[in-house]
Amino acid sequence: MQQTKLAKGGVVAERSFTILVLVGIVEVFVGTLSLSVALIADGVHSFADAVVSLIVWIGLRLSRRAPDGKFHFGYYRVETFSSVVAAFFMMVLGGVVLYESYLVLLVPREIMNAEVAMTVALSATLVALVISIYKIRAARKYASLALKADAFNSVKDVLTSVAAILGIAMSKYFHVIHADSIAGIIIAFFIFTVSYSIIKEASLVLMDACQCPEIISEIENVAKSIKRVEDAHSIRMRKLGPYLIGDMHVVVDGDMPVREATQIATQIEEQVKRKFDEITEIKVRIEPPETEK
C-alpha cells in the first residue's frame, strides 16, 4: 500500500516537471522578446517549480527503497528531506529574480508585444490552476508532504502569473512604467514566502514533531475497546515521510498469561493500522497496573 502511494505520487511529480519546463521555456522566450521582466520572472519561477517537482519525484522514488542495514526504518524521510532541498533552491532563484527586477526598477524599459506577453501569462495562469488542483488532490490521496509542498507551490504559480499579467497591462496601457518590475519583485517575495512555509513544516517532521491529537485520541479509544484492557497511555507518534509510526503503553491484569497479553498487543496493533492507513507501525508495551504508581 505504502509503495503504491509513493509510486503514484512520483508519477504526479514527473508529469508536473514536464509541463512546467515547457511553460517556463515559452515564458522566458516571449518575456525576452517583449522585454517584460515580470514574464521572465514568472518563467524562471516555472523553471524553479519544475526543479521542485523533479526533486520531489527523486525523493519519492528513493522513499520506496526497502529498509536495509543502515536505514532500519526505510527511506521514507528522503521525501521530507527532498522538500527542504527544493525550498532552498527556490530561495536562491527567488533572490535572482529579486535582483534582476530591482535593476529594471532603476532603469525602466518599454514592453514590446504586450498582447502576446499577456496571452502567454494568461495561458500560464490556466495551466498552473489545473496543475495545482491535480496535485492538491493527489497530495491528499497519497498523504505526501513533498507532494503537498509541490501543490502549494503550484497554487502560488497562479498568483505569480496573475501578478505578471497585471504588471504588463499597467506598464503598457496605463503607463505605470515601474509596474512590470514591481510585479517581478512581488513574484520573488511569493517564492520566499512559500519556501519558508515548506522549510518550517519539513523541519518539524525531521525533528519528530507530530501535531495529531485526534489520531492519538482515536488510538487510545481503539486500545480501550479491546476486552481486558484496563487503560492505555503514553501514546507517542512520529512522522516518517508521509506516514506515522509510534508506540504506546497498555495496562492489563498483572496475572494475565504472556500468550494472552501478546495476543492483545497484536490485536491492538492490527486494529490501529486497519483504522489509519498512514500508520505503518505501532508498538504496544503491555504492563500491569502497578507500573503506573
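The protein chain in this predicted model holds eight helices and three strands. Along the sequence, the elements follow the pattern α-α-α-α-α-α-α-β-β-α-β. The chain is more spread out than a compact globule, because its radius of gyration is 25 Å, well over the 19 Å that the globule rule gives for 293 residues. The C-alpha trace points the same way in its dimensions: along the principal axes it spans about 85 × 35 × 30 Å.

Next come burial, contacts and surface. Of the 293 residues in the protein chain, 45% are buried. Take the contacts between residues at least 6 apart in sequence: 74% of these join residues at least 24 apart. The accessible surface of the chain is about 15000 Å². Carbon and sulfur atoms account for 64% of that surface.

Helix H1 covers 2-34 and helix H2 covers 37-63, and Leu35 sits in the loop between them. Leu35 is not a glycine, yet its phi is positive, at about 65 degrees. Is Leu35 buried, exposed or partly exposed? Leu35 is partly exposed, with a relative accessible area of 33%.

Move on to Ala121, which is in helix H4. Ala121 has a relative accessible area of 0%, so it is buried. What does Ala121 touch, once residues up to four places away in sequence are set aside? Its partners are Glu27, Leu39, Ser161, Ala164 and Ile165. Val23 is 98 residues from Ala121 in sequence, but the two C-alpha atoms are 9.5 Å apart in space.

Cavities come next. The whole structure has two cavities of 30 Å³ or more. H4 gives the most, with four residues. By class, the lining divides into six nonpolar, three polar and two charged residues.

Val104, Arg109, Ile111, Ser171, Ile177, Asp180 and Ser181 form its lining. That lining has three nonpolar, two polar and two charged residues.

Now follow the chain toward the strands. Helix H7 covers 213-224, and Arg228 lies in the loop between H7 and E1. Arg228 is another residue other than glycine with a positive phi, near 75 degrees. Arg228 is partly exposed, with a relative accessible area of 39%.

Met248 is placed in strand E2. Its relative accessibility is 1%, so it counts as buried. Which residues are in contact with Met248, leaving aside neighbours within four places in sequence? They are Ile219, Ala223, Ala232, His233, Ser234, Ile235, Ile268, Ile282, Lys283, Val284 and Arg285. Ser161 gives a sense of scale. Met248 and Ser161 are 87 residues apart along the chain, and their C-alpha atoms are separated by 48 Å.

Strand E1 (229-240), strand E2 (243-252) and strand E3 (279-287) are the elements that give two or more residues to its lining. The lining residues are Phe73, Asp208, Arg236, Met237, Arg238, Ile245, Gly246, Asp247, Glu281 and Lys283. By class they comprise three nonpolar, one polar and six charged residues.

Terms used:
Residues numbered from 1 in each chain as written. Predicted model: local features only at pLDDT ≥ 70, side-chain atom pairs only at ≥ 80, totals over all residues. Heavy atoms only, no water. 1 Å grid on protein atoms, 1.4 Å probe; cavity = no way out; pocket = protein on both sides within 12 Å on 5 of 7 lines; lining within 4 Å. Nonpolar A, V, L, I, M, F, W, Y, C, P; charged D, E, K, R; others polar. Rg over C-alpha atoms; globule rule 2.2 N^0.38 Å. Buried < 20%, exposed > 50% of the residue type's maximum accessible area, 1.4 Å probe, protein only. Contact = heavy atoms within 4.5 Å. Areas by Shrake-Rupley, 256 points an atom, 1.4 Å probe, with all protein chains shown as cover. Points joined across faces, edges and corners; volume = space filled by probe spheres on them.
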